[in-house]
Amino acid sequence: MRRRTPPPPSPLPQRDGIDPVRVRLPPTGPWSTVREHLAERLSGAGADVVDGMFDAGLFVGADGRAVPPDAPYEPGLFVWFHRDRPAEVPVPFPLEIVYRDEHIIVVDKPHFLATTPRGGHVTETALARLRRELGIPALGAAHRLDRLTAGLVLFTVRPEERGAYQGLFRDRRVHKEYEAVAPYAPALALPRTVRSRILKVRGVLAAQEIEGEPNAVSRVELIAHRPGPDGELGRYRLVPGTGQTHQLRVHMTSLGVPILGDPLYPEVAAAVPAGDFRRPLQLLARELGFTDPVTGREHRFRSARSLGAWTAYEDWAGRQ
């Protein structure tokens, strides 16, 4: 099997902790110039915008020189550029560093901060923020937490070691524990292990459980329960055995105790305005443990965050 040739290094530096976009021209196509292909590929931006970027010399080749719009189409050619990004509302919560050495950085992520750039969240992400604040352009994420979930996230310092740490999560060699606050159901027998098949369709906000062989396994335990202003509350320990999208949120809903503050389960709620940081999802990645694949050290980290609906329900609910 022939090894794929790695792309050349980017001739453009990061901007605000964000890598430039890299485009490789397809091996075949109807285009006679680079401009024709990029105008079609970036049609969402509009031909005028693409022409303006060519005029400003914003498309560059591997040598760092601007690519002219009439450059002949060359299959396999790499082109780099930075996208224009709309302003993002800053997430006004700190990103705490729990551990740092020459190989990894473990952070305690707040609610509402995405892990990596995606969709409308680009500069306001944990990865971009850490790259800017720590001055480590090569920093990468070994895994991801949902934007609405708080807690521990592992980042890697050296690109050549990233695969080893990502393999820990792929091969399920990481111990993960979460905490959640949800309604208390006296008739719900816990602890229990939930197994089901979860399907997440691209472009559809919520995942769903379907018939078929289980691909999602979660252990659910009750830590404590107590009365609350809107009904009795439970504090739960959740231990995922697999890593399907929204798995814990789906399984808690299937048990009849959806996590407080969840905008997708059991029903998709109306979108909130940008900058609305009220009533965060009451889900926290509390513990992360693994044997370091590079150093052999045993790591066990614990988030210092608390879930507001448990510690100060009226504040979390916005009644103060």
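Arg-173 and Asp-171 form a salt bridge, with 3.5 Å between the closest N and O atoms; the term stands for a side-chain nitrogen of Lys or Arg within 4 Å of a carboxyl oxygen of Asp or Glu. Arg-173 is partly exposed because its relative accessibility is 46%, and Asp-171, at 38%, is partly exposed too. For these labels, buried means under 20% relative accessible area, exposed over 50%, and partly exposed in between, with a 1.4 Å probe and protein chains only.

A word on the source: this is a predicted model, where local features need pLDDT of at least 70 and side-chain atom pairs count only at pLDDT 80 or more, while totals for chains, interfaces and linings use all residues. Residues are numbered from 1 along each chain as its sequence is written, and side-chain values use heavy atoms, leaving out hydrogens and water.

The whole structure has 20 salt bridges. Glu-287 takes part in one with Arg-300, at 3.0 Å from N to O. That pair links distant parts of the chain, Arg-300 in strand S13 (residues 298-302) and Glu-287 in strand S12 (residues 283-291), 13 residues apart. Strands here are DSSP runs (E, at least two residues), numbered from the N terminus. Glu-287 also forms a salt bridge with Arg-302, with the closest N and O atoms 2.7 Å apart.

Is Glu-287 buried or exposed? Glu-287 counts as buried because its relative accessibility is 14%. Arg-300, at 54%, is exposed, and Arg-302, at 46%, is partly exposed. These three belong to a network of salt bridges that also includes Glu-179, Arg-235 and Arg-286.

Methods:
Helices (H or I, at least four residues) and strands (E, at least two) are DSSP runs, numbered from the N terminus.
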